[in-house]
Amino acid sequence: QEEEKHCIYGEIGMGLGQTLFFNNMETKLQNAYGGAFNPNLGNNLMMGFYYAPKKWKGLGLGSRIKGTFGTSVLGDFGDSYIFNYYNLAATFKYFFSHKTFNKGYYLRLSVFFGQFTSKRVNEKINLYKHQYAIGASYMLGLGYTLPFKRTALSIEAEFDYSSRNGTIDNIGDAR
């Protein structure tokens with residue numbers, strides 16, 4: 001029997017993220033905060049691992065943790081708004097083009113727990129509002145991996161959809 005080599009893979013990553021609000025979440029936050037704003041780009045940091053034996057032909061199962069740390073944006077009334085997101089997920093990554101893990105084009109699906117924090121700050125008047133919500137996160141990624149001798153470089157686009165429950169000032173419980 002051939003010895004199984006390189007079946008555990010680790011990954012670290014960084015990138016950019018942009019907040020998009022669906023349904024009436026932006027309106028709920030604006031009502032709670034008392035002013036309008038537009039979310040800005042944020043920085044993504046992530047790490048994970050996969051178990052991917054060769055006999056699985058390009059499929060890997062594992063876990064990822066990702067944080068998106070938003071940059072401050074100026075809203076109405078001179079207030080600053082900050083948005084941060086965190087996800088811990090079970091993940092499935094499938095290299096469909098070469099049927100070899102860590103080589104070529106892949107699809108990734110990650111599902112589990114997500115947390116959202118938004119802040120409104122105006123230090124001139126000592127205003128600090130903080131919103132927090134937790135719930136489910138669903139992430140879908142499409143990427144390409146170029147392997148090297150003992151490492152690889154991947155480029156990926158990801159869409160992260162989350163449904164989180166929290167209590168919003170002046171609104172109450174919201175999803």
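Lys-57 sits in the loop that links strand S2 (41–51) to strand S3 (59–70); strands here are DSSP runs of E with at least two residues, numbered from the N terminus. This is a predicted model, in which local features need pLDDT of at least 70, side-chain atom pairs count only at pLDDT 80 or more, and totals for chains, interfaces and linings use all residues. Residues are numbered from 1 along each chain as its sequence is written, and side-chain values use heavy atoms, with hydrogens and water left out.

- Lys-57 is not a glycine, yet its phi is positive, near 50°.
- Lys-57 counts as exposed because its relative accessibility is 53%; exposed means over 50% relative accessible area, buried under 20%, and partly exposed in between, with a 1.4 Å probe and protein chains only.
- Lys-99 is found in the loop between strand S5 (80–95) and strand S6 (104–122).
- Lys-99 also has a positive phi, about 55°, although it is not a glycine.
- With a relative accessibility of 41%, Lys-99 counts as partly exposed.

**Lys-93 in strand S5**

- Lys-93 belongs to strand S5, and at 3% relative accessibility it counts as buried.
- The side chains of Lys-93 and Glu-11 make a polar contact at 3.0 Å. A polar contact is a pair of N or O atoms within 3.5 Å; within protein, one must be able to donate a hydrogen and the other to accept it, and residues adjacent in sequence count only if both atoms are side-chain atoms.
- Leaving out residues up to four places away in sequence, Lys-93 touches several residues, including Glu-11, Tyr-50, Phe-101 and Tyr-106; contact means heavy atoms within 4.5 Å.

**Asn-84 in strand S5**

- Asn-84 lies in strand S5 and counts as buried, because its relative accessibility is 10%.
- From Asn-84, the side chain reaches the backbone nitrogen of Gly-70 at 3.1 Å.
- Apart from neighbours within four places in sequence, the contacts of Asn-84 include Thr-68, Gly-70, Phe-116 and Lys-119.

**Nonpolar cores**

- The largest nonpolar core has seven residues: Phe-37, Val-73, Tyr-81, Phe-83, Tyr-85, Phe-116 and Ala-133. A nonpolar core is a set of buried Ala, Val, Leu, Ile, Met, Phe, Trp, Tyr and Cys residues joined through side-chain atoms within 4.5 Å.
- S5 supplies the largest share of this core, three residues.
- A second, separate core has six residues, among them Tyr-50, Phe-95, Phe-101 and Tyr-106.

Note on methods. Helices (H or I, at least four residues) and strands (E, at least two) are DSSP runs, numbered from the N terminus.
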